[in-house]
Amino acid sequence: RVSPGSPTHLDQATLRKFPAMSKPAAEPTSIGMCPPVGDDTHNTPKIQAHKSGWDCTNWDLDTQQPHGGQEWNTIPNFLEDFSVTTNFLGPPRKALAACAGALQHIEHYPAANFEPAHSELAAWIQPHDPADVSARMMLGNGASELIDLVTRIGAHPGDFTVRSEAQYKEYERAALADGRTMVAPTSENNFGIMALVNPCNPTGEYFTVERMKKYIEDTCSNNTTVLVDESMQLWLGPGWREDSLVSQREWVRNLFETRDVSVYIIHSWTKIWSCPGLRLGSVVAPTPEHIAALKKHQVPWSLNVFALEFLSSAVKDDEFLQQTWQIVPRLRAQTSEQLVKMFPSWEVHGEAWLSWLWVDTKDTGVATEAVRLCKAAGVPIRNGGMGYNLPTFIRIKVASSEKTDVLLRALEPLVGR
């Protein structure tokens, strides 16, 4: 603990706004840590069951939270990664060219303030008031870095909750690693932090901005931190900004000032621009003071010159987004119709404009076999049992008709089961 009068002592007003700064360090847990040599954790039935039942590829299930996207370089006949939710169009070509051009700057350090990419992203997110967003925004090495920072540094102390247990698991991983206990989002539970993924990945459920605001107001008590992930919200179409919480500056500010509820809006830009290999994320906080508190704990240069040049170019490519909004819904509808025709009992979930399909096969064995068949055909899909604990579900990325045809042919042995 910091003693009054010490050089790093924080005033009480700052501690009230950012209570995570004053909470004692959490006791180390086995979550996210390697067990000591000789520990029998590696031989527990739960861990071993996961290893035998899941194709975890590069993940160490004893220490890490598994995600999709790890099989592409282990499949000899690889064609398309249907296990992820990135844009099937691939990265914008102009942004790729800008990224390649950054090779000439590899001998120099990237800008510590991430400029001009930082200001350009802020102006693109909120053209009507870029200065306000820029002051409240921070870039990171993918959304994962920022999720971890906000959870450890910028959040209220206390338990952790989610709106849906079947949602992107990085929020849960960060909270558990911070020593928090996960509870249900009910009025009886006094949680300190809540994470909402909107639209929810993988279920595809979407809250409009007014519905999201009401949910937060009704569910959260005073002195709460809310992390809203809008990474997949851009697929909504040209009106995505108006339906984003970033557009609700006064509501966010009022909620913080009157109830001490801090709403952070997080984006992973690797999905819409299909660049997970670069790692690009941002967070918009309630106030500039929140961002200043996070920056004190962020390692310098967490974005390299390639990511910054890519970002500067991508935000200027309106044509790429127009193509995405025109093509993805059509291909998704086409894939959904073909799946239901082949498998009448299967149910496809999610908004019509999303970059993936969340499919309930109604049978754990069928889902497991679907995963195996698709990987063998070079088109891996996501197993709903891995991480989400929904073993009858599979997640399939929206892709070109030609590549989707390969996936559908791979699934043909399951017809009639």
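This is a predicted model: local features need pLDDT of at least 70, side-chain atom pairs count only at pLDDT 80 or more; totals for chains, interfaces and linings use all residues.

**Exercise 1.** Find out how many helices and strands the protein chain has, and what share of its residues is buried.

*Solution.* Start with the secondary structure: the protein chain has 14 helices and 10 strands. Next, turn to burial: of the 417 residues in the chain, 53% are buried.

**Exercise 2.** Locate Glu145, decide whether Glu145 is buried or exposed, and list its contacts beyond close sequence neighbours.

*Solution.* Second, check its accessibility: the relative accessible area of Glu145 is 16%. Buried means under 20%, so Glu145 counts as buried. Third, collect the contacts: leaving out neighbours within four places in sequence, Glu145 contacts Gly140, Gln298, Val299 and Ser302. Val299 is 154 residues away from Glu145 in sequence, yet their C-alpha atoms are 9.9 Å apart. Finally, follow the side chain of Glu145, which reaches the backbone nitrogen of Asn141 at 2.5 Å.

**Exercise 3.** Which residues have the most contacts inside the largest nonpolar core?

*Solution.* Begin with the core itself, which has 89 residues. Within this core, Trp124, Trp273 and Leu411 have the most contacts. Now zoom in on Trp273: setting aside residues up to four places away in sequence, its partners include Trp124, Phe310, Leu311 and Phe320. To finish, look for the second, separate core: it has 23 residues, among them Ala143, Ala155, Ala174 and Ile266.

Key: Residues are numbered from 1 along each chain as its sequence is written. Side-chain values use heavy atoms; hydrogens and water are left out. Buried means under 20% relative accessible area, exposed over 50%, partly exposed in between (1.4 Å probe, protein chains only). Contact means heavy atoms within 4.5 Å. A polar contact is a pair of N or O atoms within 3.5 Å; within protein, one must be able to donate a hydrogen and the other to accept it, and residues adjacent in sequence count only if both atoms are side-chain atoms. Helices (H or I, at least four residues) and strands (E, at least two) are DSSP runs, numbered from the N terminus. A nonpolar core is a set of buried Ala, Val, Leu, Ile, Met, Phe, Trp, Tyr and Cys residues joined through side-chain atoms within 4.5 Å.
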